[in-house]
Amino acid sequence: MLAKDIKKRLKKLIKEASLVDPNLEKRLIEIDRWVGDIKTGSLTAKRFLILFLEQIIRDAEAWLKFKSLPSEEEQKLALEALNPTLKYWYNYLFPQWLNHKDPKFYIWRRKLMAGKFEQKDEDLIASAIEEIQLRGGTVVKRYVIDLSMSTDIIVSAGQEGSLCVQLTTLSQEFCQEKSNDWEDTLRFWSIERGLFLSYNPGEPNFVNKIANITLYNSNNLKIGVYLRFNL
């Protein structure tokens, strides 16, 4: 999507949201003001910022379609038709983000704007997603859940039980502070269970092991449990 198209679509979505969902309208106005003065060429050069904006636009368009259905029953049926991770995202986490103040948003959007955001584990996460999907699982990945909700991916092994998963290469002795912040963040967003998975990229078949553990805990981890697991 071209940068000039992104700006046009943001403004169009703001108008549509004003008639349907004031919380979405407010968030989109905030984003539009944030990127509004950036020249098209400069915006195009910021890869992760563009990717974030494309995700937001797609999610806003989908959200407006749900909210524009004529009855709550039809909205519910449309959400039920989604796979479990998408249903969890649109039915719970995305509206959570729209309806509440995001204490981390101003921090990470500054990094995106400055071009300082990096995803060093991008290839690993892509490999883990591919392996999970090959085994019949479903996955959602969003910059909002990564940067605001300490969640790299949402995973489901079946029709229910989506699980928020954070992956890290930190060794156990350096994980405690990060894992404490992770749990605090999940509790802030009322995410009822989560998996903090530390892995060693030098281990053989570690991607397969990540898939095994995430799929197993998607089915079996109890509500109220925030599990730390070291491969």
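A nonpolar core is a set of buried Ala, Val, Leu, Ile, Met, Phe, Trp, Tyr and Cys residues joined through side-chain atoms within 4.5 Å, where buried means under 20% relative accessible area, exposed over 50%, and partly exposed in between (1.4 Å probe, protein chains only). The model you have open is predicted, so local features need pLDDT of at least 70 and side-chain atom pairs count only at pLDDT 80 or more, while totals for chains, interfaces and linings use all residues. Residues are numbered from 1 along each chain as its sequence is written, and side-chain values use heavy atoms, with hydrogens and water left out.

**First stop.** Select Leu24, Leu28, Ile31, Leu49, Phe52, Leu93 and Trp97: these have the most contacts (heavy atoms within 4.5 Å) inside the largest nonpolar core, which has 50 residues. Now colour helices H1 (3-18), H2 (22-35), H4 (47-68), H6 (84-99), H7 (105-114), H9 and H10 (172-188), which each give two or more residues to this core. Helices (H or I, at least four residues) and strands (E, at least two) are DSSP runs, numbered from the N terminus. H4 supplies the largest share, 12 residues. Apart from this core lies another, of 21 residues, including Ile132, Leu163, Leu167 and Leu221.

**Next, Leu93.** Go to Ser150, between helix H9 (143-147) and strand S2 (153-156). Its phi is near 50°, a positive value in a residue other than glycine. Is Ser150 buried or exposed? Ser150 counts as buried, at 7% relative accessibility. Then select Asn205, in the loop between strand S4 (194-198) and helix H11 (206-220). Asn205 also is a residue other than glycine with a positive phi, near 60°, and Asn205 is exposed, with a relative accessible area of 54%.
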